[in-house]
Amino acid sequence: MLRFRIFLSSPGDVADERALARQVLSALPKEPQFHGQVHIDEIAWDSPGSSTPLDAHITPQEAINQRRPKPSECDVVVVVVWKRMGTPLPADYTKADGSGYHSGTEWEYLDALQSAESAGKPHVLVYRREEVPTISLGDPKREEMLQQYKLVEGFFSAFVNPDKSLGGAYHGYGGPSAFKELLEDHLRELIWERFQQEITDSTPEFVPATPPDEPAEIWQGNPYRGLSAFGDADAPIFFGRGAETDDLIRRMSSPRKRFLGVVGPSGSGKSSLVAAGLLPRLKAGAIPGSQDWMWVRFTPGEVGDDPFAPLAVKLAQLLPAGPKPREIAEKLRSDSKAIDSIAESILADSPGQAELVLFADQLEELFTLVSEAHRKPFVGLLNAATRSPRLRIVVTMRADFYEPCMHYEPLVELLREGSYTLGTPGLGALTEMIERPAKAAGLTLEYGLTQRLLDETGSESGALPLLEFTLGHLYDAREDGTLTLDAHREIGGVPGAIEAHAEEAIPADGRTIDEAALDTLFRALVAVDPEGAVVRRRAPLNRLSDSSQAISDRLVAARLLTASGGKGEDAAIEVSHEAVLRHWKRLADWVGDNREFLLWRQRLQAMVSQWLNSERDPGALLRGGPLAEAETWYADRSEHLTDESRSFIEASLDARKREIRGWRLRVGTGVLLTLALFAGLAWWQYLVAESQRFATLRAENALSALAGLLEGQTLKDMLEDGTDGPEMIVVPSGQFPMGDLSGNGYKAAQPVRTVSIAKPFAVSKHEVTFEQYERFAEASGRALPDDKEWGRSNRPVINVSWDDAKAYAEWLSVQTGKTYRLLSEAEWEYVARAKTETMFWWGSDIGESRANCSECGSAWDGLQTAPVGSFVPNAFGLYDTAGNVWEWVEDCWHDTYENAPEDGSAWLEANGGQCTLRVVRGGSWFNDPEDLRSAYRFNGSRDYGDNDIGFRLAQDLD
């Protein structure tokens with residue numbers, strides 16, 4: 001086996017090149033012509049895994065000389081220089097003319113050069129980065145930098161003779177990626193020459209070896225990513241974007257540049273460039289200290305319409321034990337500058353040069369999946385983060401979303417200063433993307449295949465994912481390690497790859513297609529924005545039928561859909577890439593046929609949200625033309641609407657029927673009709689008066705009926721399957737002082753005000769249990785929330801969002817014909833206090849075993865939930881209003897009670913309500929006793945569930 005010693009010599013300003021050189025030295029021996037026959041020894045003072053011990057009593061250069069082969073003793077010496085020569089050597093290191101060496105790099109170069117001139121060995125390869133360094137006038141190291149650059153200029157002046165003829169040769173290069181390509185070509189040629197010479201000379205010490213057992217290729221398995229983006233682990237197979245990666249590193253090299261936005265058309269490879277190009281280079285130290293940076297990658301719409309939630313989840317994973325994701329999200333949402341202190345906590349044990357990089361991938365989700373209420377605060381967070389010396393922001397965004405960014409001035413400024421435009425790759429880059437991954441994986445491409453792929457791919461925006469997808473399937477159809485033209489023809493080339501693959505994947509038996517299930521799946525995966533553009537959306541798996549899930553499973557396996565969130569409540573799927581929307585004919589045709597419905601459904605959802613937020617106010621129902629349109633779609637496609645949308649339309653239709661019946665009652669006789677015709681205004685006034693009289697009469701009758709119900713009376717409605725619904729307890733009307741009565745300075749519960757509960761209502765005796773919720777989950781096709789292996793049955797259901805709790809209440813209302821709902825925050829505190837004004841309903845001391853919290857003295861403290869009813873009930877007969885689990889209530893979050901309603905109703909958007917956040921009350925098994933106070937309030941994202949959040953219900957008695 002031929003052993004090659006290669007010495008790497010360079011100052012510290014070209015750390016990026018050193019890392020890339022090591023990649024070359026690692027890859028070359030695995031190339032087919034060298035595999036098993038060539039071994040490369042990297043010689044450098046800082047070689048990974050074998051750094052040189054530096055004894056304190058001698059100079060670093062002497063330590064290196066004693067323990068490492070000298071450059072003159074190696075086969076090749078690689079010298080890389082840019083803007084520094086490096087640290088000077090001691091005075092006892094002198095040249096033949098008695099002058100000193102400017103640095104260890106110069107000593108290493110001259111040691112190699114002298115040996116090459118006298119003995120013909122080693123090969124000395126010198127590389128100079130030709131990019132002119134930038135030196136700021138205000139930089140405190142300006143003079144030192146200028147002096148170093150003068151030394152570099154002096155070093156290279158020796159390559160030119162006094163008569164201007166060349167006295168030596170070096171290789172100039174534009175950026176680190178170009179250096180890597182040069183070095184790879186040069187070393188390959190030198191090693192091949194030496195290899196051939198050894199075979200020709202048949203020297204006894206060279207015996208061709210049998211290839212070893214270790215793999216010959218750098219990459220194992222499929223080197224193409226299909227429709228998926230490359231990740232940082234895919235760096236060995238990421239090619240064709242070297243110059244762009246150099247540009248990004250150059251932009252990030254300035255400490256003042258804290259924002260980098262990679263913007264380009266769909267399918268241009270933005271996410272891959274950052275994740276597989278930029279990130280690995282930075283982790284290798286491309287910028288001094290960048291090897292210690294920490295990265296947090298997320299997408300704004302990853303877990304719903306709140307961009308703070310996915311960021312908080314990722315940050316919580318890096319923080320020491322402490323705040324939960326929802327607490328972090330709320331902190332960031334309310335105070336954008338809080339990201340600074342969070343970053344300091346994360347970096348507390350890291351080196352001083354460490355920074356935290358927030359990588360917001362697919363920023364366009366800010367305008368497609370994120371609630372409008374969150375956009376401005378999130379932009380504020382990005383802006384605040386760029387002002388911190390230990391934070392950086394990197395984003396990727398589709399170029400067609402530039403326009404919506406213009407509505408947010410801070411984002412405009414960030415993009416103006418820090419955007420990097422990424423275009424579609426040229427033919428040279430595409431060739432690399434086709435051939436270099438194959439080479440890394442030990443594959444070959446049949447002659448003519450590369451050109452065929454290039455011809456079909458062209459320069460169309462979005463063609464890159466199609467090319468990757470095609471290559472992935474050519475890999476699957478390879479023959480003896482070769483990607484063939486025959487396989488290319490069989491899959492229909494680049495244009496037909498997605499179409500053919502999708503059509504093959506969707507049938508269960510290869511023949512028939514469940515059209516209804518596929519239609520349902522498409523409706524869950526595709527949306528149309530107000531401008532009519534087709535966009536992807538995440539579809540929760542638990543909202544799909546079994547047959548639709550079966551198709552989605554096959555499309556996930558085919559890499560046309562991407563699954564996320566595991567197998568629990570968070571499990572979801574989405575279209576892998578926009579290219580699927582355009583190039584799968586069945587889906588594109590479906591979108592064309594359903595665009596009108598999708599646009600209408602989008603508009604309807606906004607009206608449904610308004611209705612729900614107004615407590616189902618009849619005034620928010622559909623009427624006239626909009627109702628007629630909804631009636632048509634309802635009759636045709638009811639099964640493709642949400643439960644809330646169907647309820648909204650049905651309520652609107654019922655209201656119209658009541659209006660028609662009332663009109664007919666009043667105009668049933670000819671006399672009244674005549675009056676209506678000839679005295680329209682008077683008749684209208686009469687109708688209004690009659691309507692008010694009947695409303696008053698209905699209210700009086702309802703109150704009379706309620707008077708027959710006694711405080712503490714138990715109610716239990718029967719479900720359609722004959723089982724019992726939750727046990728409810730009648731709570732009387734009354735007044736109470738609401739808020740921080742103890743004067744502890746808890747601003748969120750101030751000012752204290754008197755609230756009146758006008759009518760009796762019923763409240764569930766216990767928090768809703770797994771057993772009760774399970775019937776709803778089975779009936780609606782939802783996945784049952786995770787119980788953390790604590791037990792189900794009579795334990796409170798956990799890991800349910802506010803939306804889940806609302807859906808359960810609506811389902812229960814349909815099952816029983818009664819009105820079930822979440823309590824308002826005022827109602828909750830009213831029943832939790834149970835006519836008391838102390839911190840807890842039993843007093844102001846937490847006591848022993850009265851509740852389940854972190855220090856409540858129960859068997860479940862700080863460990864898990866307790867079975868419902870494990871503690872004494874309050875005066876209303878209600879259990880666990882303090883501790884066990886937080887309970888969702890109807891209200892939107894407000895920072896204080898300023899201008900809060902006093903009639904016991906839910907406080908929604910009025911006066912700055914944040915309705916993406918909903919109030920939770922009561923504390924949990926995890927919390928400290930102070931969080932169990934009757935007045936204590938907190939919040940959570942409405943689509944977020946956790947193992948310490950559940951709910952209880954109210955029932956209207958009229």
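I call a residue buried when its relative accessible area is under 20%, exposed when it is over 50%, and partly exposed in between, using a 1.4 Å probe and protein chains only.

**Setting up.** I am working with a predicted model, in which local features need pLDDT of at least 70 and side-chain atom pairs count only at pLDDT 80 or more, whereas totals for chains, interfaces and linings use all residues. Residues are numbered from 1 along each chain as its sequence is written, and side-chain values use heavy atoms, with hydrogens and water left out.

**Whole chain.** I looked up the secondary structure, taking helices (H or I, at least four residues) and strands (E, at least two) as DSSP runs numbered from the N terminus, and I found 30 helices and 28 strands. Of the 958 residues, 52% count as buried. The exposed surface comes to about 42700 Å², with carbon and sulfur atoms supplying 51% of it; these areas come from the Shrake-Rupley method with a 1.4 Å probe, and for residues only the protein chains shown count as cover. I then turned to contacts, meaning heavy atoms within 4.5 Å, and noted that, of those with a separation of 6 or more, 72% join residues 24 or more positions apart.

**Disulfides.** I searched the whole structure for pairs of cysteine sulfur atoms within 2.5 Å, which is what I call a disulfide, and the search gave two. Counting the bonded cysteines along the chain, I wrote the pattern down as 1-2, 3-4.

**C853 and C856.** The sulfur atoms of this pair are 1.9 Å apart. The torsion about their S-S bond is about 105 degrees, so I recorded the disulfide as right-handed.

**C892 and C915.** Here the sulfur atoms are 2.1 Å apart, and the link is right-handed, with 95 degrees about the S-S bond. C892 lies in strand β24 (residues 886-893) and C915 in strand β25 (residues 914-921), so the pair ties together parts that are 23 residues apart in sequence.
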